Structure formats: structure tokens, C-alpha cells
Amino acid sequence: MFNKAVGIIGTGKYVPEKILTNKDLEQLVDTNDEWIVTRTGISERRIAAEHQAASDLAVIASQNALQAAGITADQLDLIIVATVTPDMAFPSTACVVQEKIGAKKAAAFDLSAACSGFIYALANGSNYVASGMGKYVLVIGVEILSRITDYTDRATCILFGDGAGAAVLGEVPTGRGFRSFELGADGSGAELLKVCGGSRNPFNQQLLDERKQFIYMAGNDVFKFAVRIMGSAAEAALEKAGLQKSDIDLLVPHQANMRIIQSALDRLELPAEKCMINLSKYGNMSAASIPVALHEAVEAGRAKDGDCLVFVGFGGGLTWGATVLIW
Ligand code: UT7
């Protein structure tokens, strides 16, 4: 599939300091800790400070990833930022990050694939290196979902949090790196998870009065889709890589709901020890979920040389993505 072996040569993360607990949410909406933990697996999430925009979180995660990779920002050829909460409508957050970290020769763009964004960005970034278009690519998943979350809607406000994760992609020894990608989309589900604004419905007072600046989600429909797609996308990526479920050493799934992750584990016949789960601490950070979980797995020594890692995610669009990577 690839002309060169391309993999992840450094990871980084940043999560804001402020913690919003289930108890805190009990003060805002009619909910309780027991319901949230049982139905989602989430105990707390991080909330960005007022002065922080997505690029501020992304820059810290990126600097950590660059340091881990042992390269400097001026060596980067491309920056891809996966986000649904950019600093502004345009220019891209990737351009803001490029300037802030001093990646002078890097091209930069944002990628919109919601919670699947990081995997979509890995596919694009790894092909950029594999094709010889560049040597190093910085891929970032970052969200400040607290800015588009309706804290009067108990069905959604319990789920989301803020954070950033980053990975530097570069050439790796033969036999290592990305083995396959499985990306997909089903635009017939576009209305199930969305935020208004944009050219279809530019914001006006009526939209604001109807709280349309916030996330709308048909939770049950997204749940059913997620349960179906997580296992099948991971299986499809494994098949493309010529590997079996039993070859997986570590699954790094999108952290949306513990029941969704458990259904993927059941389908892949994996014990929980082979899965990176940090959902309880951060909630759903959309595009940032997988790179933050990956970084924490790396830090904890859970990704060892030669291990078979599978990342799998799903989200608005609807979109999904999975990749198999030999660490
Ligand atoms: O990154 C992708 C983004 N999205 C997702 O992954 C979300 C996927 N969906 C889900 O995770 C789940 O559908 C939710 C966690 C959002 C909801 O869980 P559920 O088990 O599907 O609950 P439900 O919507 O079927 O609601 C069950 C009950 C309802 O009450 P009634 O009608 O049975 O009396 C809700 O009104 O729970 C009620 N409810 C709550 N109760 C306490 C809904 N939200 C809450 C709440 N606290 N926060």
C-alpha cells in the first residue's frame, strides 16, 4: 500500500487544568453521577480557560510531540489539524499553529471529519510522507467542545470535554508503521449530529434564541451507528493489513461512551487489558480523544516495539475510520 514505511515518531497531549465533575453538572442540569457513570463511563472532563482557543491547546500538544520525535518545528513539511472547534471560521487553525510553533516551511490545513478527524488526518499525513511529498507531518486532534456545548441540555452536556493530542509522522524501519486505513462516510446521517451556522444557516438572532449555536445530537441513533461501525471498521482495517483480531496488542478507540467501547471489545473478542480507556477522566473530546489516549498509552509503556495497534473512531458526518499500525 505504501512506498515507504511511515509511522508515528512522537506523540504529545495537552488538557486544560479546569475539571468539570459529574457533581458539578448536577448543579447545572437534572442529572446525577450514578446515571452518567452507568450510561457513559464518564466521571469528569476538562474545560479550557476563557483565554484559550483551540490553537493554544494544539501548540502545547505539538511541542511535546516534536520533542518526543526529536525534531524541530522548522523541519515539518505539513500540519493537519483535525477539529470541529477551530479558532475561527477561517483561516485554518493549522495556519495559526504553524505561526505559533515556527514551522516556517510547513503547508497547513484543517480537516473536518468530527470525531473521526484524527484518523482521517493520519491517513492523509502518512500518504504525504509515503509519497515523498514531505519528510515530517504534524497531525493534531484538538477540540474546545465546551464552547459549542449547551449546558442546559442534559442529554449532551454530560458527554463533552476539551483537549488536544498530536503525533509526528515520519519514516520508520521496514515492517513498522501504518499497515492499512479504513475510512468511510455516510452523509445520509448528517442531521444526526451537527452545529448550525455556516452558509446554510448563517447565525441570526432567531438561531441564537433557539440555541442552535450548540451541538445537536440524536443520541440513540448515533449510539446504534457507533456500535455497528466500531467493530466492522476495525475488522476491515485488520483484513486490509492481512492481520487477525487476535493479532491486536492494543486497541485505541474513540472515547465516546464505555458501552460503545465495550461493544467493540466484544466484537473484536478483546479483553479490556488490550484497550486504552481514559474516558472517565476526559469525556468525549471528539478529534482529540484518540491522540490523547494514544499519548497516555505511550507514556504508560503500553505501546511496545513491534506491537500491533488499532485505532478506531466514529463521529458526525457520519464518518468513521480505523487504522492498523505496527509500533
Ligand atoms: O463522538 C460521537 C458523539 N456521540 C456519541 O457517541 C453519543 C452516542 N450516544 C450515547 O452515548 C447515548 O445515547 C447517550 C449517553 C447520549 C444517552 O444514553 P442512552 O442510554 O441512550 O439514554 P436515552 O437517551 O435513551 O435516555 C434514557 C433516559 C431518558 O429518560 P426516559 O425518557 O426514559 O424517562 C432520558 O431523558 O435517561 C434520561 N436522560 C438522563 N437522565 C439523567 C438523558 N440524559 C440524562 C442525564 N441524566 N444526563
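## Domains and ligand site

Taken over C-alpha atoms, the centres of domain 1 and domain 2 are separated by 14 Å. Domain 1 spans 6–175 and domain 2 spans 178–326, with bounds from an automatic or database domain assignment. The model is predicted: local features need pLDDT of at least 70, side-chain atom pairs count only at pLDDT 80 or more, and totals for chains, interfaces and linings use all residues. Residues are numbered from 1 along each chain as its sequence is written, and side-chain values use heavy atoms, without hydrogens and water.

In domain 1, 50 residues are in contact with 47 residues of domain 2 (heavy atoms within 4.5 Å). The two domains bury about 3,700 Å² between them, 65% of it on carbon and sulfur atoms; this is the accessible area (1.4 Å probe) lost on putting two parts together, summed over both.

Both domain 1 and domain 2 give residues to the shell around the ligand, so the ligand lies between them. Of the 22 residues around the ligand, those that come nearest are Thr-31, Arg-39, Asn-257, Arg-259 and Asn-284 (a heavy atom within 4 Å). α8 (219–241) is among the helices that each supply at least two shell residues, and α8 gives the most, with four.

Polar contacts (pairs of N or O atoms within 3.5 Å) include these:

| Residue | Protein atom | Ligand atom | Distance |
|---|---|---|---|
| Gly-219 | polar backbone atom | nitrogen | 3.1 Å |
| His-254 | side-chain N or O atom | oxygen | 2.8 Å |
| Arg-259 | polar side-chain atom | oxygen | 2.8 Å |

Taken alone, the ligand exposes 950 Å², of which the protein buries 74% (Shrake-Rupley method, 1.4 Å probe).

How values were computed. Polar contact = N/O pair within 3.5 Å; in protein donor to acceptor, adjacent residues only side chain to side chain.
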